[in-house]
Amino acid sequence: MNLKSNIWRQTPQDAYEAPYDYAAQVQFLVEAGEMLTAVFPTLDSNTMTFHADDRSAEKAVWMLHNDALDALRDAVALLREKKHRLATRLFRDVVESLDLADYFASGDPEAVIDLNKWYKNEIIPNKRCRDYFQ
C-alpha cells in the first residue's frame, strides 16, 4: 500500500507545530480507511475457528484485535466528522486492547491467571499490563 500522506511519518512535535495541514489530513483518512479495510479479511479469516467454550489466549488475542480494529474504524469515522476528542478516547481503547492482547499472549503465569479472570468477565486493569511491560 502506497501511503502518500506525510502524517504517517510525522513526529508528535511536527504535528503540534503544523496542525492545520488539511489536505494531508484528508489524504491520511482516505489511506487509513483503505488500510483498515485491507486488514479486516485477515482477522475475519478466523471467524468460526474458535468454539464458544474456548478459553485460549489465541482466541482472546483474536477478539481483542477485532475490538481494536473496530475501534480504529470508528475513530477514523469520527475524525472525518471532526470529532477529535471522541476519537482520542478510542485510540486509548485501541492501545489498551493491544496491550492486553500482548500480555495474554506472553504466557506469563500471572497473564494466564488474568486471562481466566477475563473470560469470567472480570476487568483486568491496564495497570497490570503496564507493570508487566516495565
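A salt bridge is counted here when a side-chain nitrogen of Lys or Arg lies within 4 Å of a carboxyl oxygen of Asp or Glu. Side chains of opposite charge can pair when their charged atoms come close. The model is a predicted one, in which local features need pLDDT of at least 70 and side-chain atom pairs count only at pLDDT 80 or more, while totals for chains, interfaces and linings use all residues. Residues are numbered from 1 along each chain as its sequence is written, and side-chain values use heavy atoms, with hydrogens and water left out.

| Pair | N to O distance |
|---|---|
| E81 and K83 | 3.4 Å |
| R92 and E96 | 2.7 Å |
| R128 and D114 | 2.6 Å |

To describe where these side chains sit, a residue is called buried under 20% relative accessible area, exposed over 50% and partly exposed in between, using a 1.4 Å probe and protein chains only.

Helices here are DSSP runs of H or I with at least four residues, numbered from the N terminus. R92 counts as exposed because its relative accessibility is 56%, whereas E96, at 24%, counts as partly exposed.

The salt bridge between R128 and D114 links distant parts of the chain, since R128 lies in helix α6 (residues 126-133) and D114 in helix α5 (residues 109-119), 14 residues apart. R128 is partly exposed at 32%, but D114 is buried, with a relative accessible area of 1%.

Helix α4 can also be looked at as a whole. The expected span of a helix is 1.5 Å times one less than its number of residues, so the 22 residues of α4 should span 32 Å, and this agrees with the 31 Å between its end C-alpha atoms. Among the buried residues of α4 are A87, V94, L100 and F104. The buried residues of this helix pack against α3 (57-80), α5 and α6, where contact means heavy atoms within 4.5 Å. Just after α4, G107 takes a positive phi of about 75°.

Conventions. Helices (H or I, at least four residues) and strands (E, at least two) are DSSP runs, numbered from the N terminus.
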